[in-house]
Amino acid sequence: MTADRQQFPASMRFFHWLMAAMVLAMLGIGVAMVASLADYHRLVSIHRPLGILILIFVVIRSVNRLFSTLPPFPATMSSQERLVAHASEILLYTLLFVQPLVGWGMLSAARYPIVLCGSLHLFPILPHSVMLYAALRKAHTVLAYLLFFAFIAHFGAVLFHTLIVRDRLLSRMVPWRTRAN
Amino acid sequence: MRLTGSSTLLRLAGIGVVILCVVGAFLYLGGWFSPHELRPARFVDGFEQANGIHSGFRRNHAKGVGVRGFFDSNGQGTRLSKAVVFRSGRVPVIGRFSFGGGDPNVTDAPDAVRGLGLQFSLPDGEEWRTAMINLPVFPFNTPQAFYDNLVASQPDPNTHKPDPQKMAAFVAGHPEFLQAIKIIQSHPVSSGFDNSAFYGLNAFRFVDAEGTSTPVRWMVVPVQPFAPVSASGTPLGDKNYLFDALIASIHQHPLQWHLIVTVGQPGDRTDDASIMWPDGREQVDLGTLTLDSIESEETSPARDINFDPLVLPVGIAPSDDPLLSARSAVYSQSFTRRAGEKKEPSAIAPSDVRK
């Protein structure tokens, strides 16, 4: 039991690493596609269904998070640090939910077909309005930058704890099972 | 086991390097390290430099009118493509006639490039969009050539005319350009929009129910009889005389075109929009396009549609033509820029399109 208590539950670790890979790929595809003539279409065709997949996963993940028992913070973290860690977790979950929704919304407002796979496509969630599209398109870029900086801050903080403070913070989230120390 | 001061510094530096690498990788993907490469934003900047920014209008094909109608498929296309649009039956169509160029108030001219954008709404919710022009081939076969020509043909600020040296340099570097112009000039221009043929420009692929993929090019051929451009010249005083003739014509009777696909043979190039396929290729009539109502940009849904040529239903796929992805990217960039702008009145006003 103690071994489990030191780590996030297996389901949470699974979603964490799966979504980390998806979101990083998504951010990379996003910056590359808006700057590319030759690869634009190929990248957009991945970007749209992958975004919807992230939306589905973040909903499942949030529900899973609600019903999971979390390991305690390492003793090395001050109460302010814990507050920041908690706030950044809420920020990341919120961004992962809002960003694909804004993407879906902006395509709806522009009346682009939102093709998932083959002839399977999503219904529009907003009325046809190019003004609305323009605003959401800007928001999509701003949120993408915010998501990228939130990822860098999260990544940097984990590296700091693991390499400098050396409080085994990362072992709580590694995909494999660790033994309690 | 506390870290010594120097090893802490070393590790901090290591963290810094790792983060810089991640940020650098994203900057690389976003093209920050190759500023001279042609990108969608720079392409649209080129149109804006050539024509100025006209609030709310397309950056190219700015002057236009919206039309509506339907496509009656005769079922002949199902042999080549499983697209629902080719099964026998009728689907609604929204379209837009336009002139090439970014000036929404340009005076109509018979030799200006005419455009026809179409959106077919399929019964299963899919869409097929195509943006066609009245040239049988495209004068450029790469996005770079199109852009270079756009830059070379910009008027010199002193002479107000394109620099002949720049154009000569462009032509010298692009033998396909003159060959395409020869083909274009061998096709006489019709008197108006209503008796123009429009060509899909790029090759695409039709995919049938078995998954067999066939290279095709499509065009719409007018039922309205061909008439050459009037020899008496253009009427004075009416800047919109070609659009006005289209409005009068569509009010008289619905306008019709046959949707014809040319079926490519193995070896026919699908990646070069500047050449024609050899004579004698099989042509299949897929059905009749009827356009029976016309609206100004102010009321037409066509104004707010991006006629992105890669909005395709299952059964129609892109070819390897590099222009296709570039068109999709540049249209999207133009659409995004104009979407948020105030919509200025169009040259063809709502009162002009009434009966």
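**Notes on the two-chain model**

1. In chain A, strand E1 (residues 114–117) and strand E2 (residues 120–122) run antiparallel and are joined by three bridges. Strands pair here when DSSP finds at least two bridges between them, and the elements themselves are DSSP runs numbered from the N terminus, with helices (H or I) of at least four residues and strands (E) of at least two. Ile114(A) has Leu122(A) of E2(A) as its bridge partner. Two residues sit between the strands of this hairpin, and Gly118(A) takes a positive phi near 60 degrees.

2. Before going on, some ground rules. This is a predicted model, where local features need pLDDT of at least 70, side-chain atom pairs count only at pLDDT 80 or more, and totals for chains, interfaces and linings use all residues. Residues are numbered from 1 along each chain as its sequence is written, while chains are lettered from A and ligands numbered from 1 in the order in which they are written.

3. How far to trust it? The model scores ipTM 0.93 and pTM 0.94. Chain B averages a pLDDT (the predictor's confidence in each residue, from 0 to 100) of 95, and 99% of the residues score at least 70.

4. Chain B in outline. Its secondary structure comes to seven helices and ten strands, and the C-alpha trace spans about 90 × 60 × 45 Å along its principal axes. Chain B is divided into domain 1 (1–37) and domain 2 (49–353), with bounds from an automatic or database domain assignment. The centres of domain 1 of chain B and domain 2 of chain B, taken over C-alpha atoms, are 48 Å apart.

5. Of the 355 residues in chain B, 42% are buried. Here, buried takes 20 or more other C-beta atoms within 10 Å of the residue's own, exposed takes 12 or fewer, and partly exposed is in between, with C-beta atoms placed from the backbone. Contacts are counted when two C-beta atoms, placed from the backbone, lie within 7 Å. Among chain B contacts with a separation of 6 or more, 75% are between residues 24 or more positions apart.

6. Where the chains meet. Here 39 residues of chain B are in contact with 32 residues of chain A. On the chain B side, helix H1 (5–29) and helix H7 (322–339) are the elements that give two or more residues. H1(B) brings the largest share, eleven residues. The chain B side divides into 23 nonpolar, ten polar and six charged residues; nonpolar covers Ala, Val, Leu, Ile, Met, Phe, Trp, Tyr, Cys and Pro, charged covers Asp, Glu, Lys and Arg, and polar covers the others, Gly among them.

7. A word on H7(B). This helix has 18 residues and reaches 26 Å from first C-alpha to last, close to the 26 Å expected at 1.5 Å a residue; the expected span is 1.5 Å times one less than the number of residues. H7(B) is mostly covered, with 17 of its 18 residues buried.

8. Now H2(A). The 25 residues of H2(A) should span 36 Å at 1.5 Å a residue, which agrees with end C-alpha atoms 36 Å apart. Its buried residues are Val23(A), Met26(A), Gly30(A), Val31(A), Met33(A) and Val34(A). Their cover includes helix H3 (40–66), helix H4 (79–110) and H5 of chain A, together with H1 of chain B.

9. Ile29(A) is worth a click. It lies in helix H2 (residues 10–34) of chain A and counts as partly exposed because 19 other C-beta atoms lie within 10 Å. Leaving aside neighbours within four places in sequence, Ile29(A) is in contact with Leu43(A), Ile46(A) and His47(A).

10. Phe148(A) touches both chains. This residue sits in helix H5 (residues 130–165) of chain A and is buried, because 20 C-beta neighbours lie inside 10 Å. Not counting residues up to four places away in sequence, Phe148(A) touches Leu27(A) and Phe26(B).

11. Two backbone spots to check. Most residues other than glycine have a negative phi. Arg166(A), in the segment after H5 of chain A, has a positive phi near 55 degrees and is partly exposed, with 13 other C-beta atoms within 10 Å. His61(B) also has a positive phi, near 55 degrees; its place is the loop between helix H2 (40–51) and strand E1 (63–73) of chain B. His61(B) counts as buried, with 25 C-beta neighbours inside 10 Å.
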